[in-house]
Amino acid sequence: MSAATPIHEPHKIKTVRLVSFPTVEERKRHLAEAYFNVFNLLPSQVNFDMTSQGTSAMTQEQLSGQLIGDEAYAGARNFESLERAVNRVLGHTYVCPTHNLLGCVKLVVATMVPAGYEVASNARGLADVLTPRKIGLKHVRTDTEQVFTGNVDVERLRALLALGTVAIVDMQAFADGIHPFSLGNLQAVRATADQRGVRLVLDGSRVIENAWYIQRHEPGQADRSIADIVKQIVKTAHVFQLDGAQDPKCNTGGILTTDNPADHEKFINEVVVYEGLHTYGGMSGRTMEVLARGIEEMCDEAEVQWVMMVTEQFTQMLRAAGIPLERGCNGAYIEADKFLQHVPHHAAHALACAIYQTSGIRALVTGRARADSYLPIEIPRLAMTTWQLGQVVEAIANVYRQRDRVAPLELQTAGEWNDQLRFRSIFASLTPYDFDCYPFIVHTIERIPVTTREQRQRAIREAGYNTFLLRSADVTIDLLTDSGTSAMSTDQWAAYDAARATTANSEAYQRFVQVIQEVYGYEHVIPTHQGRAAEHILSQTRIRPGQLVPGNMYFTTTKVHQELAGGVFVDIIVDQAHNPADTFPWKGNIDMAKLKAVVDKHGAKNIAYISFEHSVNMAGGQPVSMDNMKEVYAYCSGHGIPVFYDATRAVENAYFIQKRDPRYHSVQIRDILREMMLYGDGCTVSGKKDFLVNMGGLLAFKDNAEWKREAEEMLRVYEGGITDGGLAQADLAAVARGIEEMLDDRYIRTRVEQAAFLGNRLMEAGVPIVMPPGSHAIFIDAKRFLPHIDQDEYPAQRLASEIYIETGVRVMERGNVSKGRDPETGQNYRPSLELVRLTIPRRVYTNDHMRAVADGIIRLYKRRETIRGLRFVYEPPYLRFFQGRFAPLEEEAVPEPA
Ligand code: P71
């Protein structure tokens with residue numbers, strides 16, 4: 001299979017789960033209340049829970065299985081899905097469902113291990129569940145292997161079996177989380193078991209990870225797919241067990257599979273005693289469906305390669321920091337007694353406490369309290385980014401550097417199991433570690449297509465070299481827009497599901513109004529289906545034909561509605577905004593001299609209002625300063641001119657104020673936003689940006705009830721009811737929740753800094769971009785990227801299509817194709833800004849995606865001289881950028897047949 005190391009996730013983020021970051025003081029209190037056993041901490045007290053069981057992110061297809069549970073007691077369709085998945089992916093014929101892996105163990109022991117017999121295994125952890133059942137465990141793992149440390153010592157096994165007291169041979173894929181076996185060894189064990197008529201029972205809960213090791217390290221296996229190796233592993237066992245909460249990424253559930261009808265019959269006769277009926281085995285219908293889909297998906301080659309690369313890197317980084325550990329299939333297993341040499345007892349627990357105290361991470365000591373003292377740092381599958389994992393490494397290295405100061409624990413309450421232990425301790429003075437990363441983990445993912453250059457060349461040709469006409473199914477990383485492309489959170493989904501539908505007044509509407517009143521300080525709130533709908537109503541109700549509408553640059557939809565209402569837009573943005581190379585920090589500002597000149601010339605009465613946009617989109621996502629807002633408002637109030645904000649990206653603007661204005665460094669985003677809005681009389685918002693939803697918008701007025709009344713008149717005719725604006729109540733509920741989330745300082749910082757991350761990487765390689773990097777996007781200056789292409793040959797349009805061909809990334813042209821032609825002369829406009837926009841959806845892509853985007857564009861930049869221009873083959877009369885079609889200039893136009 002492809003041995004190339006993956007450079008970014010083969011998926012994007014679909015839904016996020018927010019995590020909280022308790023302070024050091026809070027963590028100390030929680031730890032004391034938890035008796036210094038991190039098992040007792042609650043998820044809300046932890047930032048990253050480093051455990052991999054039942055914590056994986058699913059694909060959206062897998063998650064959707066949750067909604068189609070058959071929930072029949074007998075013969076559920078979901079069980080049939082499960083059977084099909086097992087037959088296809090694992091290859092076994094018979095499936096006995098169980099409530100989880102312990103259910104599998106129960107059935108195997110009850111049907112295959114008579115009293116007085118023993119189990120031979122390569123896993124020591126199995127003793128945890130066998131000892132209480134009074135079943136002996138014979139450990140048969142070899143200690144001579146280097147890579148396949150989970151291999152069984154076949155000679156030892158043969159000798160054991162000859163004694164006749166071993167009932168079954170149990171093999172764990174990645175035994176105890178640390179020890180993989182080889183295919184060769186597995187086959188030898190099967191042959192040995194067959195000689196004695198003993199069953200080989202395989203626990204394949206981590207079969208994927210083991211298959212990857214076989215593919216990587218076993219001679220002759222490199223060219224096989226994970227799917228192929230997995231099937232062979234399963235078929236080599238007589239009986240196969242699978243923990244639904246591990247490789248199949250379910251949250252619970254299990255299966256016991258076999259090709260042997262007699263064994264299966266024993267299982268299903270026993271299952272009714274322990275688990276449930278043979279067609280549900282203690283799982284709900286939805287769990288079976290999610291499990292079935294997880295099994296169908298789990299051998300996906302790209303996903304497995306990504307997960308294993310991340311795991312290997314994680315382990316290597318910890319090792320490089322000097323931390324004593326064993327590489328695990330799902331993370332790193334720290335040798336706590338070597339880490340804390342001065343701590344004689346319960347070293348793993350003491351280390352877990354120190355890690356939590358300093359960083360908020362939970363690493364759990366599980367199972368029976370044993371002499372060995374591994375502290376597993378497991379990675380929840382697909383749920384964390386490499387950026388976050390890198391910081392987990394740093395957090396643990398931070399403890400390692402001050403390990404001599406870690407306090408020992410004194411046992412207060414003893415117990416057989418780790419979860420029972422209670423300790424007394426003191427808080428050592430340890431330097432804390434502060435995370436600087438996304439405040440969420442991944443809840444569900446959407447797989448993204450991987451295409452070849454040939455496929456992309458064909459796709460862009462079919463799209464007429466216009467990225468608007470590409471199918472998203474052909475796009476690997478979609479940077480067309482940040483509008484309506486955000487990943488919602490699980491809390492937003494919960495609010496969405498809980499909202500009751502109505503066309504009248506509702507709790508969702510009231511909450512929506514209330515949250516805007518609280519956050520923006522505006523009394524009158526009108527929901528609209530998106531931004532342009534609010535712009536339509538504002539323009540129609542507040543512009544008299546012939547009036548001027550001065551603004552800081554324009555946005556297409558905003559300007560169209562002002563003109564449709566008879567207004568005349570006047571650009572009064574500062575000059576710096578028109579120069580891509582200028583690094584002025586407030587390129588969104590209104591030029592006071594330009595504003596005063598317009599008012600002096602035309603008189604305040606002839607000005608409808610000031611159209612004041614935050615994080616000016618067309619200027620490159622450039623912010624407005626607080627002082628400028630104050631100054632504009634003070635001047636306009638004095639002249640009786642209303643100021644209406646386009647607050648679509650106000651929160652992102654607020655972040656720039658926090659970062660760039662020293663007076664606001666320690667002011668929270670929430671308070672900065674509230675002050676910004678104070679300097680206006682109303683606003684329109686496209687909720688598809690800051691609000692973290694896929695649809696929605698609003699119009700709001702600070703205190704003018706008459707403006708509201710007039711707007712609602714139009715709302716009823718053009719949009720919907722006054723309590724929904726044409727949105728579903730569920731959408732309003734998701735907006736209200738999104739507004740809470742957008743105000744998280746950690747979120748907004750990582751959001752805006754992601755654009756800077758991409759921008760800086762491009763800049764360092766010399767790629768010309770609009771300076772400074774913007775709030776939501778990076779704009780590449782096509783004029784300087786392709787100086788040899790005349791504007792009449794559409795350099796930005798060509799650059800957008802070349803970026804797609806080179807990297808599978810979709811961007812948007814913002815140059816003269818967008819600007820159009822002068823209606824007088826019929827000539828193309830030659831705007832100063834000839835740009836392509838790389839717009840970053842919120843909470844969707846990781847820094848690994850961004851790095852891949854930058855590196856692809858840098859490759860293109862190195863061969864920029866080879867790129868030529870385009871000509872139109874179809875040119876619509878207006879808004880030609882949406883539907884226009886082009887051909888490359890290097891391809892001769894074929895003369896039309898006469
Ligand atoms: C963006 C968009 C969406 C878009 C719109 C038109 C052509 C291509 C893409 C929309 C905005 C915006 C600002 C500042 C109002 C709207 C309209 N931006 N103000 O950037 O950026 O809002 O789409 O919800 O109607 O890709 P709406």
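A salt bridge is counted here where a side-chain nitrogen of Lys or Arg lies within 4 Å of a carboxyl oxygen of Asp or Glu. The model is predicted, so that local features need pLDDT of at least 70 and side-chain atom pairs count only at pLDDT 80 or more, whereas totals for chains, interfaces and linings use all residues. Residues are numbered from 1 along each chain as its sequence is written, and side-chain values use heavy atoms, with hydrogens and water left out.

**View A. The salt bridge between K235 and D259.** The side chains of K235 and D259 meet in a salt bridge with an N to O distance of 2.8 Å. This pair links distant parts of the chain, with K235 in helix 9 (residues 226-236) and D259 in the loop between strand 9 (254-258) and helix 10, 24 residues apart; helices (H or I, at least four residues) and strands (E, at least two) are DSSP runs, numbered from the N terminus. K235 is partly exposed, with a relative accessible area of 40%, and D259, at 33% relative accessibility, also counts as partly exposed; buried means under 20% relative accessible area, exposed means over 50%, and partly exposed lies in between, with a 1.4 Å probe and protein chains only.

View B. K14 is partly exposed, with a relative accessible area of 32%. R141 forms a salt bridge with D176, the closest N and O atoms being 3.3 Å apart. R141 lies in the loop between strand 5 (136-139) and helix 6 (154-162) and D176 in the loop between strand 6 (166-172) and helix 7 (183-196), so this pair ties together parts that are 35 residues apart in sequence. R141 is buried, with a relative accessible area of 11%, while D176 is partly exposed, with a relative accessible area of 23%.

**View C. A network of salt bridges.** D482, R649, E652, R751 and R842 are linked in a network of salt bridges. Side chains of opposite charge can pair when their charged atoms come close.

View D. The structure holds 27 aromatic pairs, where rings of Phe, Tyr and Trp (its six-membered ring) pair if their centres lie within 6.5 Å, and planes under 30 degrees apart count as stacked, over 60 as edge-to-face and the rest as tilted. F48 and F435 form an edge-to-face pair, 5.1 Å centre to centre and with 65° between the planes. The pair links distant parts of the chain, with F48 in the loop between helix 1 (24-33) and strand 2 (58-59) and F435 in the loop between strand 14 (422-424) and strand 15 (440-447), 387 residues apart. F48 counts as buried at 0% relative accessibility, and F435 counts as buried at 6%. F339 and Y400 also form an edge-to-face pair, 4.8 Å centre to centre and with 65° between the planes. F339 lies in helix 13 (residues 336-339) and Y400 in helix 15 (residues 386-401), so the pair ties together parts that are 61 residues apart in sequence. Both F339 and Y400 are buried. F21, F48, Y433 and F435 form one aromatic cluster.

**View E. The enclosed helix 4.** Nine of the 12 residues of helix 4 are buried, so this helix is largely enclosed by the rest of the structure; the buried residues are L101, G103, C104, V105, L107, V108, V109, T111 and M112. At 1.5 Å a residue, the 12 residues of helix 4 (residues 101-112) should span 16 Å, and the end C-alpha atoms are 16 Å apart, which agrees; the expected span is 1.5 Å times one less than the number of residues. At the start of helix 4, a side-chain oxygen of N100 reaches to within 2.9 Å of the backbone nitrogen of L102.

**View F. The buried residue N330.** N330 is placed in the loop between strand 10 (325-328) and strand 11 (331-335), and N330 is buried, with a relative accessible area of 3%. A polar contact of 3.0 Å joins the side chains of N330 and S52; such a contact is a pair of N or O atoms within 3.5 Å, where, within protein, one must be able to donate a hydrogen and the other to accept it, and residues adjacent in sequence count only if both atoms are side-chain atoms.
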